[in-house]
Amino acid sequence: MASSSPHHSLPDNSQLLLSDGQSPLSSVIYELSQQVQAGMENMLKMISEIDQSSGGIIDEIEKCKDSALERKRTLEEDKERFQKAAYSVLDMLNNRENN
């Protein structure tokens, strides 16, 4: 079955050139490359911001870790003091019963 639309011939090169001598395809490729470059610059900017933020987060984690270790040491010292005090009380009670 034949097509009812007439067969379009390829345009000659003079029709493909824009006023500045570039073809439409060159213009599209140029615009696309500009958009890709802008996208890459934005991604690099975001990566830099993420790196800065992650550095701050890592610093905060280290501070919290140090604080937790210090708190653990303090609690261990308190535990030892209370245990010694409890043993002293038990010794005193045992000595009273034995006398």
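Of the 99 residues in this chain, 0% are buried, where buried stands for under 20% relative accessible area, exposed for over 50%, and partly exposed for what falls in between (1.4 Å probe, protein chains only). The accessible surface comes to about 9500 Å², and carbon and sulfur atoms account for 58% of that area. Such areas are computed with the Shrake-Rupley method and a 1.4 Å probe, and for residues only the protein chains shown count as cover.

What you are looking at is a predicted model, in which local features need pLDDT of at least 70 and side-chain atom pairs count only at pLDDT 80 or more, while totals for chains, interfaces and linings use all residues. Residues are numbered from 1 along each chain as its sequence is written, and side-chain values use heavy atoms, with hydrogens and water left out.

Now for the fold. The chain has 2 helices and 0 strands. Both kinds of element are DSSP runs numbered from the N terminus, with helices (H or I) needing at least four residues and strands (E) at least two. Helix α2 covers residues 24-98, and L32 is found in it.

L32 also takes part in a nonpolar surface patch of about 790 Å², together with V36, M40, M43, L44, M46, I47 and I50. Patches are made of residues with over 30% relative accessible area and no salt bridge; like charges are joined within 9 Å, and nonpolar side chains (Val, Leu, Ile, Met, Phe, Trp, Tyr) within 5 Å.

Further along, an unreviewed UniProt entry lists residues 58-85 as "coiled-coil region". UniProt positions follow the numbering used here, feature names are shortened, and annotations may be inferred rather than shown by experiment. In the model, this span is 100% helix and 0% strand, and its end C-alpha atoms lie 40 Å apart.

How many salt bridges does the whole structure hold? A search finds 3, counting a side-chain nitrogen of Lys or Arg within 4 Å of a carboxyl oxygen of Asp or Glu. Here they are:

| Salt bridge | Closest N and O atoms |
|---|---|
| E60 with K63 | 3.7 Å |
| E70 with R73 | 2.9 Å |
| D78 with R81 | 2.5 Å |

E60 and K63 both lie in helix α2, 3 residues apart, which is about one turn of the helix. E60 is partly exposed at 44% relative accessibility, whereas K63 is exposed at 54%.

E70 and R73 are likewise 3 residues apart in helix α2, about one turn. E70 is partly exposed, with a relative accessible area of 42%, and R73 counts as partly exposed at 45%.

D78 and R81 are separated by about one helical turn because they sit 3 residues apart in helix α2. D78 is partly exposed at 21% relative accessibility, while R81 is exposed at 52%.
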